[in-house]
Amino acid sequence: MKRSIEKVFRGAPEHWVGDGFHVSNYFPGATDFQKRMSPFFLMDYQKPELFEPTGRRRGVGTHPHRGFETVSIAFEGAVAHRDSAGNGGVIRPNEVQWMTAGKGILHNEYHEEGFAKAGGVMHFIQIWVNLPRKNKLAAPHYQALTDGIIAAAPLAGGKGLVRVIAGAYEGVQGPARTFTPVQMLDLRLKPEARVRLPTPKDYNTALLVLTGTVKTNGSAALSAGECVLFRNDGDEVVVESSADSIVMFLSGAPIDEPLVHYGPFVMNSVDEINEAIEDFNGGKFGALSD
Ligand code: MN
């Protein structure tokens with residue numbers, strides 16, 4: 001049965017993250033989203049935007065995270081990152097970086113040098129996926145999901161692809177290892193595509209239109225930047241496109257635990273937040289230079 005639509009909304013007015021990412025925040029924003037989008041905690045979206053050539057390093061300098069995972073996806077542009085666990089690399093178009101901050105990590109995120117010098121369009125999204133209490137202090141870890149290892153299920157009639165980042169679609173399994181059940185799909189639709197996405201009724205579920213025009217589960221035509229939150233009253237979402245479109249589909253089993261958020265830390269209690277601040281100030285997140 002098709003889910004009904006709880007809300008169609010756009011993100012908040014754009015703000016800068018460092019000087020590299022001009023993003024619109026979709027959630028948490030309203031507090032209710034902590035409950036309605038769990039296990040997803042935050043979504044910041046950089047719509048396609050031209051950056052002029054620069055010799056400057058644009059981005060976000062070294063900062064900590066604890067208690068969750070950051071999922072960074074480049075659609076256009078290139079983002080270089082390094083972290084205190086010794087990982088580093090460049091996220092290029094169609095690539096995903098799935099970073100487990102767990103017990104604590106320092107990292108920085110910059111426009112890749114060659115991209116910055118040449119200038120170009122940056123199109124990027126970052127989604128925070130919460131960790132359950134028992135995994136909040138997991139060892140920091142990093143999965144580089146390059147284009148070639150992201151499984152893609154072709155739609156009938158050459159109508160596009162479902163790129164499976166996490167979870168499964170039509171028996172195609174995504175490469176991301178997750179701590180709780182998560183379905184994260186990147187839909188690349190040609191005009192007149194129709195995709196049926198089964199998802200368990202209790203999973204919190206939303207989609208974001210990145211480009212193009214789609215309808216879903218009885219909605220009006222949706223354009224770029226519109227996000228749909230579905231009610232947990234059915235087990236399928238149907239997406240129909242009327243133009244070349246990119247859609248991010250997020251669905252996951254809620255983590256039903258208390259949540260306390262302070263800046264880059266997402267924990268279960270105020271005491272744990274204070275501990276995170278103490279550990280960070282005490283150098284327990286390791287060391288990383290800009
Ligand atoms: Mn970060």
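Author: Start with Trp128. Its relative accessibility is 9%, and buried means under 20%, so Trp128 counts as buried. Keep in mind that this is a predicted model.

Reader: What makes the pair of Phe41 and Trp128 stacked?

Author: Two values decide. The ring centres of Phe41 and Trp128 lie 6.3 Å apart, and rings pair if their centres lie within 6.5 Å. Their planes stand at 20 degrees, and planes under 30 degrees apart count as stacked. So the pair is stacked.

Reader: Which parts of the chain does this pair tie together?

Author: Phe41 lies in strand β4 and Trp128 in strand β11 (residues 120-130), so parts that are 87 residues apart in sequence are tied together. Phe41 has 2% relative accessibility, so Phe41 counts as buried. A search of the whole structure finds 9 aromatic pairs. Ring pairs also link Phe9, Tyr26, Phe27 and Phe33 into a cluster.

Reader: What puts Arg57 over the face of Tyr110?

Author: Distance is one part of the test. Arg57 is at 3.9 Å from the ring centre of Tyr110, and the cut-off is 6 Å. Lys7 lies over the face of Phe9, at 5.2 Å from the ring centre.

Reader: How do you know that Glu6 forms a salt bridge with Arg36?

Author: The closest N and O atoms of Glu6 and Arg36 are 2.8 Å apart. The limit is 4 Å. So the two form a salt bridge. Glu6 sits in strand β1 (residues 5-10) and Arg36 in helix α1 (residues 32-36), 30 residues apart.

Reader: Why is Arg36 called buried, but Glu6 partly exposed?

Author: Buried means under 20%, exposed over 50%, partly exposed in between. Arg36 has a relative accessible area of 13%, so Arg36 is buried. Glu6 has 31%, so Glu6 is partly exposed.

Reader: How are Glu14 and Lys47 labelled, buried or exposed or in between?

Author: Glu14 has a relative accessible area of 33%, so Glu14 is partly exposed. Lys47 stands at 41%, so Lys47 counts as partly exposed too. Their side chains meet in a salt bridge (3.1 Å, N to O).

Reader: What about Asp279 and Arg66, which meet in a salt bridge?

Author: Their N to O distance is 2.9 Å. Asp279 is in helix α3 (residues 270-281) and Arg66 in the loop between β5 (59-65) and β6 (68-76), 213 residues apart. At 12%, Asp279 counts as buried. At 7%, Arg66 counts as buried. The structure holds 11 salt bridges. Asp147, Arg163, Asp186 and Arg188 are linked in a network of them.

Reader: What makes His63 a donor of the manganese ion?

Author: The protein donors are His63 (NE2), His65 (NE2), His107 (NE2) and Glu109 (OE), and they lie 2.1 to 2.6 Å from the manganese ion. The cut-off for donors is 2.8 Å. So these atoms pass. His63 and His65 are buried. The donor residues are spaced H-x1-H-x41-H-x1-E in sequence.

Reader: Why do β1 and β13 stand at the edges of their sheet?

Author: The open sheet has 7 strands in the order β1-β22-β19-β24-β17-β14-β13, with antiparallel pairing. β1 and β13 (151-154) each have a single partner strand, so one side of each is left without a neighbour in the sheet.

Reader: How do you know that β19 pairs with β24?

Author: A pair needs at least two bridges. Strand β19 (residues 204-211) and strand β24 (residues 245-252) are joined by 7 bridges. So they pair, and they run antiparallel.

Technical notes. Residues numbered from 1 in each chain as written. Predicted model: local features only at pLDDT ≥ 70, side-chain atom pairs only at ≥ 80, totals over all residues. Heavy atoms only, no water. Donors = N, O, S within 2.8 Å, 3.2 Å for Na, K, Ca; no water. Buried < 20%, exposed > 50% of the residue type's maximum accessible area, 1.4 Å probe, protein only. Helix = DSSP H or I, 4+ residues; strand = E, 2+ residues; numbered from the N terminus. Phe/Tyr/Trp six-rings, centres within 6.5 Å; stacked < 30°, edge-to-face > 60°. Lys NZ or Arg CZ within 6 Å of the ring centre and 35° of its normal.
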